[in-house]
Amino acid sequence: MDLGILWYLVPSVLMFACGVYGFVTRKNLIAILISLELMLNAADLNFVAFNRYIFPGQMEGMIFTLFAIAIAAAETAIAIAIIINVYRAIGNTDINEIKKLKF
Amino acid sequence: MFGNILIWFVIIPIIMMAGLGVCRNSSMNAIRTVMTVCSTALLGLAIWLCVDFLGLRAAGETAEMLYTGSWMWYAPLNIELAVGVDGISVLMILLSAIIVFAGVFASWKINPLPKNFFLWFALLSTGVFGFFISIDIFTMFMFYEVALIPMYLLIGVWGTGRKEYSAMKLTLMLMGGSAFLMLGLLGIYWHSGPEGHLTWNILEISKNGCIDPSWQRLLFCLTFVGFGVLGAMFPFHTWSPDGHASAPTAVSMLHAGVLMKLGGYGCFRIAIYLLPQAANELAWIFIILTGISVVYGALSACVQTDLKYINAYSSVSHCGMVLFAILMLTQTAMTGAILQMLSHGLMTALFFALIGMIYGRTHTRDIRQMGGLMKIMPYLGVCYMIAGFASLGLPGLSGFVAEMTIFFGSFEHTDLFHRSFVIAGTCSIVITAVYILRVVGKLLLGPVQDEHHLQLTDASWYERFSTVTLILAIAGIGCFPNWINETIQHSFVPIIESLTQAAI
Amino acid sequence: MDITLPILILAIPISMFLILGIGGVKMSRKTAGVLGILGMGTTLTLAYTVAFTYFFSGDPAFIVDGVRQQLQVFDVTWLAFTDTLVVHLGFLLDPISAMMLVVITTISFMVHLYSWGYMEHEPGFQRYYSFLSLFSFSMLGLVVATNIFQMYIFWELVGVSSYLLIGFFYKLPSAVSASKKAFIVTRFADLGFLIGILLLSFYTDTFNFMELTHNPEGVLASTGGATFMGASVLTWALVLIYVGGMGKSAMMPLHIWLPDAMEGPTPVSALIHAATMVVAGVYLVARMFPVYLMEETALLFITCVGAITAFYAAVVACCQIDIKRILAFSTISQIAFMMVALGVTRPGLHDGMGYMSSMFHLFTHAMFKALLFLGAGALIHAVHSNNYTEMGGLRKYMPITHWTFLIGCLAIAGIWPFAGFFSKDEMLTAMFANNWIWGAWMTMVAGLTAFYMFRMYFMVFWWEENPHYKEHKPHDAPWQMSVPLIFLAAVSCVSGFIPFGELVTWNRLPYHIHIDPQVATTSLIIAAFGIGLAAWLFMKRNHKPAAMKNAMPGLWKAANRRFYWDEFYMFVTHKIIFNIFCRSIAWFDRHVIDATMDGFAKVTQKTSVAVKGMQSGSIQAYVVWYFLGAVAVAAITWICLL
Amino acid sequence: MDYSQFSAMIPELIVLGIFILVFLYDTFAGSGARKADGILTTVLFGLGTVAIFFAGTVPQECFGGMYVSNSITLALKSILNIGVFIVLIQSLKWTDSDDMTLRRGEFYELLLATLFGMYLMISARHFLLFVIGLETASLPLAALIAFNKKHYESTEAAAKYIMTAVFSSAVLMMGLSFVYGLSGGSLYYNDVAAAVAGGEMSGMLIVALTFVLAGIGFKLSLVPFHLWTADVYQGAPTSVTSYLSVISKGSAAFAFFVIFVQAFGAAYPEAWEWMLYGIIIITITVGNLFAIRQKNMKRFMAFSSVSQAGYIMLGVIAANSIGMASMLFYILVYIFSNLGAFGVIQAIENQSGKLSMGDYRGLHKSNPWLAFAMTLAMFSLAGIPPFAGFFSKILIFTSVTASNSMALYMLVLIALINTIISLYYYLLVVKAMWISPEEPVVPQFRSALSERVGLWICVAGIVFIGLLSPIYQLLTDASVADAAQLFAWLG
């Protein structure tokens, strides 16, 4: 394995970790959504890096990434819609406000 | 398929359920008619089966199981609906039919929801009969569970006292037992034959005899404990006192009378028969447990004050005797076990019927609050005494024959271990006498405790009918035991053979 | 022999039981009584026919070259335990069973007749007669048993009939507890019997008496010299079987039920607890005698138990005030006498005369003891009390009772020419022959017997008139009760002259009785001394008895309380077994076993509450669980793979 | 391009066709005619179900093998169709209400869209198509969960669902990226399988396996990826909850089976058997422990479904063709049982708004038939014969023990012991309905025809499916036919 790939993999793992960290610490739903995007992009980065370094002869990783970006966009769209819904219901987007359903 | 007589033992209860389904909840007469007709049909069929079976045997029919039939059900897993009976099953079927018959009359005035009561009752009967006719362990297990679950509703809805607690406890403990059992049966199946010839059929498994010893040990423990829970084996018996105390009359009858026999029968038919090597090796563990049951149940019964508790503990003792005898692995002891099953089934059913009738009048089951009932309701008193005498092993009634056969069979072992347990077992008959006479003395004899009881009436016609049926059966076995011996002796040959072979 | 008569002998009583038991409710008293008496009368006739045919017809079926034969008139299979170990029900005819048939039917018929008067006003009259029939059936079945298991079956049945009859007055708590006690104590003894049978039949592979007794050496050999705790297996078996006999025959220490059994109606006491059932133990040993001869240890055990019991019961009888209790202890003492006589029997000593004398005493004792009990019944009937303190000076009011009772007392005291003299004399001779200690000891008991019987006699019929008689004048009983008294008194007078040795011996060869003058004189003197002492003390009202009582208050009280055996048993059963064992087991069951099962449920419930924080409602917490869960899975797999 | 390969996609095309028809009808019909949306969809879907069932079982593939159609996928699709059909019938009453006028069409359209996604998931033999299917299935669901705009719970549930779902799909993507790194450059299941079989056990493979397991486990509500389940089930409209609990779970379970057995088969004995082993145990146990305490019926059913998912996974860990057949059979039975329970819950909710277990007290007095149906459903879920649940449970246990491995016997034992706990809480419902002595809380009412039809179908299924063995035979035949391809790489 070419060591050069690590220059991409390590940041992507870090990105993923940041995303997770952001998800569990931020209070605002929008910020959390941004963290999610970070995680998704980390995965995309992985795909691209693997494709470029390990399987340079074909495009499967790249194409997967394209689909993944589209999917992420769709997810974001729906998430935003629901966040708006939340905002309408409780007047803010604080994640700590939406834990009525429990136990 | 419908040409096989055995199938009808399952079909009739189903017809019973269908018939009840079209009855209206309020029309008691229609419900009673359906129940009477169907339970009579069952009894008649059982008697016919018994007679015909003896006829076939007399005619020299030597196959292990008669009236066999098998229909492929779940072919990918070789699950069949296989039926067949030997002498033991025939007697068990007869017992069940008698008790179902008596149970219908004992619950003649059940209230509320008579229709639902009899629906579940019929489902329970389906399970019981199905269990006894099956020779495929899958279907056997299925019917076994079919018989267990209606208990929850029967006790929960129509019971008395802490019925919710008791019903739940009973159901969960029995299901716990059947969890172990299920695993044991799976193990048996996957070792039942050479690759590609796996089977659930008892006869074939036994014929193949290829379960290796290390697995046998595990499976034996699993299946024996599984069935043992239903057979009220120490220390898995505690569902019995609470369950019986809360159950309505007919349910107690059916449960103690027939359902607990499923445990003994299963231990015998599956644990011992299919796993002979482990049975030889590990019987001692369970002899200790069942030996404890026998004495322990009897001693516990001595200090109870609730009639049903007394009887429940007495059942622990008597059913312990069944398992104890089975584990002795001698033909005579096993014959005794079967006799004890019959005897215990009938007499406990009678006991519970009477307790229900007494409770229905006095509204208490506490023996300290009753007394002198013999004067007030002589018929019930006499019946209770007969049941008591049967229980303490009076010659001429069924208990004596069974216990004696067990003791003589068990005594064939010459080692100190077996003999000490047999002698401990014989002690239980004295303890039985103590608690039975204690109850009889407090409940029936002596001065009348409660003035209000003086107005109570004696048994009505349907109650008399129900009890007389049972008493006749008890006395019949007690006076003429040998025909039972003749019915079942053939059935032990293959079991004893496989045990001896395994011992070599 | 034709099997009709034997079958009828058994069938009539049992059908009477069923007819009176089931149909009794719809029947008048008179019908029930007449039916019962007729039934028993028929049985009596049949039994006499059978016995007389057996003894006196000289038919080669019954006697060959002077040897009386044992024959199984019929023997049908009842239950096959194994191929060889099969229980039969049959009818064994031999000297002792023929004799017992006579005894049982005679006494039973007398009691049936007597009860018609005695029980006239009691509720449950029909039930009473049906139980009597049940008892007669069981007892007859017991004595004609062809095998030890049949005997056990009927043994249990007589036990239950005894239970039913003792508890006949079921509204009285004392009767209920007495019946319970009787049943449980004998049941406990039967446990020994059962284990004995288990052992014996395991080794010999048969239950049949004839097979056992005709080849006792074979029985001994079959055990193969096995021993357990120092004694041979056969000894164990025989002793255990004898324990069953001890229970039924009220030997120490299992005697405690018999005095209490007097709670039953008096005719029942006469039938069951004096004449028939209580001698079942003696009969059992006699039946198995050749086998017992194989193990002298067992016989020694029997002798010792008998000797101790005889003395104990005699002493206690001296200090009772309830006349039925006195008779009960006297019964225990007399049965012990028979036991000792059996125990000392050896073929070499007077050709086994002890056996013959024991059977002889069984016969005569049945007659005079039944007479005494029925007489006591007449007394109780007259004064409505069991205690002699309520009686006194009755001889003028109840002449028939008085004279018959006196005959009974003389008979039991062993005064010539009454029946007891002959049988007792033979027994003492046999005992002296074995060892002078037994003879001397039992002679002393015989003296005590004379003393306490006459103590009672004088207290009841002499002493002084009870002031109550002025209000309620006692009188003799009606004819139904008097006839049996007179009949039995007559029998007690003459039965001593029956040539018993010609009829019943251990080897069924005739034996010529000859009175041993030395023994006879001694026992007569001792008996006369006992009677004289009793007369001196109790004939007229005086202060000597009270003075004696006060001189030894502890002894009197202890003897009056039967040396505290009942208290001891009460302590063991109630305090130790019931309170300590049963209660703790019941407690253990509820609080340990059951609690464990409930504990599983509780633990599940508790865990369920404990883990609920996992579902906190916060998305971030969910994600933490999710992510950490995934990491944990990966980590664990990773570690495991390494 | 060969258009004939689309003939393999008949089920998808039919669903798509219905989707378009409903969409067009809803768009162009007047507000009065829109009332017929539900009936139209249901009828069309019913016809579609029949058509799909007879679509032919010749194995076919398209898109270069990314998509396959064979007897087993068709069988599962038919099973799901039956479920969806029942859900549609049961939702008719709910969508009939006035405040649904404008949104009625959307409900059906979204429902069909998710079903389309699930079809893709089932038939996918390439990770890309699988991801597309998964997302197509899961995103419309978020909208469906939020469907009760006026209820706050619905909103909260949707927020929880979408946030965790996106998180989960991010984890899944991450996992897949590692899979990609390990594979020979191709994400076809078979190619991945070859790479896994050829390669060594590496940390990256374990992470990849774990992340994929977590991603699909999320859809299946396996513990500890299940935490959204209860809240979402409780908050979502009941029709959506019932849909989520059976259809979504069924398709994910199948995809799980195919991916792990076909693509990661070589890692079975060393890695994922044990992962799954642990996860099954905690899934069943935790689901049961939580279910004991629940008072809200929907929440109760949520935890029950968590526990049931554990049992479904037993089919996967068996990793053989009987396991596959048993799992499908389990899903089928589970659909009938669960929808039976939800049918009753929905009928009562529609009528009285009552959802608490306490409100079911004395139900047998006021509504005996509903109580009866609920009892059967509970018995079936608990695995009581002669109802179908017993057979599905016992068949799946049988398949697990087929390998005679002691560890798997122990797993079955634990599962069996857990059935006792589950029996306890199912009986709690029965107890509330039959045994509690109080007067009924829910008054007597006559439920709508659609509800009754739905319940009768479920009851018939519960009673007869177990007794009619040909269904199981059919599934076994199908899975055996598919076996060569599926189990090729199993170690």
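Analyst: Helix 4 of chain D (residues 104-123) has 20 residues, and from its first C-alpha to its last it reaches 29 Å, close to the expected 28 Å at 1.5 Å a residue. The expected span is 1.5 Å times one less than the number of residues. Helices (H or I, at least four residues) and strands (E, at least two) are DSSP runs, numbered from the N terminus. This is a predicted model, in which local features need pLDDT of at least 70 and side-chain atom pairs count only at pLDDT 80 or more, while totals for chains, interfaces and linings use all residues. Residues are numbered from 1 along each chain as its sequence is written, and chains are lettered from A and ligands numbered from 1 in the order in which they are written.

User: Why is helix 4 of chain D called largely enclosed by the rest of the structure?

Analyst: A residue is buried if 20 or more other C-beta atoms lie within 10 Å of its own, exposed if 12 or fewer, and partly exposed in between, with C-beta atoms placed from the backbone. In helix 4 of chain D, 18 of the 20 residues are buried, so the helix is largely enclosed.

User: What confidence does the predictor give chain D?

Analyst: Its mean pLDDT (the predictor's confidence in each residue, from 0 to 100) is 90, and 99% of the residues of chain D reach 70 or more. The model scores ipTM 0.91 and pTM 0.91.

User: How does the radius of gyration of chain A stand against that of a compact globule?

Analyst: The radius is taken over C-alpha atoms, and the globule rule is 2.2 Å times the number of residues to the power 0.38. For 103 residues a compact globule would be near 13 Å, whereas chain A has 17 Å. The C-alpha trace of chain A spans about 50 × 25 × 25 Å along its principal axes. Chain A has three helices and zero strands, and 38% of its 103 residues are buried.

User: Which two chains have the most contacts among the five pairs that touch?

Analyst: Chains B and C do. Two residues are in contact if their C-beta atoms, placed from the backbone, lie within 7 Å. Chain C and chain B each bring 37 residues to their contact. Helix 6 of chain C supplies 13 residues, the largest share of the side of chain C that touches chain B.

User: How do you know whether chain A and chain B are joined or apart?

Analyst: No contact joins them, and their closest C-alpha atoms lie 25 Å apart.
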